[in-house]
Amino acid sequence: MREIHVDDIVAAIEGLFIDANINLSDSVFEALNSAIGKEESPVGKEVLRELIKNANIAKEEHIPICQDTGLAVTFLEIGQDVHIHGGSLIDAVNEGVRRAYKNGYLRKSCCDPFSRKNTGDNTPAIIHTSIVPGDRIKIVALPKGGGSENYGEVRMLVPSQGREGVKSFVLEMVKKGGPNPCPPIIVGIGIGGNFETSALLSKEALMVPIGRRNENPSIAELELEILNDINKTGVGPQGYGGTVTALDVHVKMMPCHIASLPVAVNIQCHAHRIKEVTI
Amino acid sequence: MMEIRRITTPLENGVVEALKAGEKVLISGYIYTARDAAHKRFIDALSIGEALPFDIKNQVIYYCGPSPASPGRVIGACGPTTSSRMDLYAPKLLSLGLKGMIGKGKRSQSVKDAVKQYKAIYFGATGGAGALLSKSVISCEVIAYEELGPEAVRKLGVKDMPLFVINDIYGNDLYETGMLKYEK
């Protein structure tokens, strides 16, 4: 049994959310740079240059990349040999988020669904936990803005719709979003499981590094087919028209019910903010 | 590299007539932030015969709710929010002399018609470029509805804020023409 005090979790969370909102990772910089070469539209190229300039300014001056510093989506992989002490894990995550959004001058964007009254501290965080072998805790912070999140959807397809049905669904969501999810986007697709796990799979798919393909060659091929189709829509950077509408597409798949074909599409904007630490 | 035109506020008809969808511009002068809640208050005020909190004639509104400014800064990250939520209110303001709107995302047909009819421009600020756009802001003053926090009306002094012309007075729409041009 390894002892981990909640204070360490609070500190890790605070650090991760501030870091994620200010420091765009190298892999996203590379993807944006490479997109400039691929983009055929002069306006599209100009937008991509602005996005890179923006990320550099954010990093150098410690300001958020985007004013929508998102809801605090947090994934915790907890080793089954860990004993967390000193308080509640969930409270610790929320306290870490509270501190990050206060001390990091991040925007509080969490409110009551009906009254729209702001909760004031960007909590409650969106927390996903899983139990894994080992004695560590891996924490992933994925601040997720509302603009891109609003163009995601879960749909229970009919099994006979198959692969082509999945492709049509994704294309439909990308076209519906157009400029609004701030292209160039990254698309996470969850296939299988059930209603709620397909959605979770789609969010986990967004966490796969840009450029990495699914281990299953047939699914890897599907990822590239969809990416290609998305880039043929002409939506382009910021929806102003162009050939780079998506930076990448990732699929996560698991078995599902014999009567179902659950599919979830989760869209991420170009400000793909994700940081992790293992304690 | 794209050719870039410098423009200043207040916007005169001559400038508006020269702008075409797809152009990049650098705007300087004062612009006013307002989004959902402020727009509702504007329209409510007008409906009971009250004045708006600032003289809107020839001015530009920026749909933006900035993140908090850290010490020593004028403003936090200040990229645009999705404009379509303000579509209901925009035609009325355009009829009263509003000359520019800055945001992101498509506008409704009635907004595009009003842009044409009243000679105004809808500009796009790059979504998610909150840090870059904040560099163009040299002053920031809350002038109305302070209790709305990020949604308050702020008078921003800007220098060379980079924008794209999305809807011009000739009925062109960069979202439509752009996508059609690059669709394969």
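**Close-up views of a predicted complex**

**View 1. How chain A is divided.** Domain 1 of chain A is assigned in two pieces, 2-20 and 65-144. Domain 2 of chain A covers 147-272. Between the C-alpha centres of the two domains of chain A lie 26 Å.

**View 2. Where chain B meets chain A.** Contacts link 39 residues of chain B with 41 residues of chain A. On the chain B side, the elements that give two or more residues are α5 (130-134), β7 (153-167) and α6 (174-182). Which of them gives the largest share? That is α6(B), with 8 residues. By residue type, the chain B side divides into 16 nonpolar, 16 polar and 7 charged.

**View 3. Confidence in the prediction.** Chain B has a mean pLDDT of 95. Of the residues of chain B, 99% reach 70 or more. For the complex, the predictor gives an ipTM of 0.89. The pTM of the complex is 0.92. Where pLDDT is low, predicted coordinates should not be read in detail.

Conventions: Residues numbered from 1 in each chain as written. Chains lettered and ligands numbered in written order. Predicted model: local features only at pLDDT ≥ 70, side-chain atom pairs only at ≥ 80, totals over all residues. Domains from an automatic or database assignment. Contact = placed C-beta atoms within 7 Å. Helix = DSSP H or I, 4+ residues; strand = E, 2+ residues; numbered from the N terminus. Nonpolar A, V, L, I, M, F, W, Y, C, P; charged D, E, K, R; others polar. pLDDT = per-residue confidence, 0-100.
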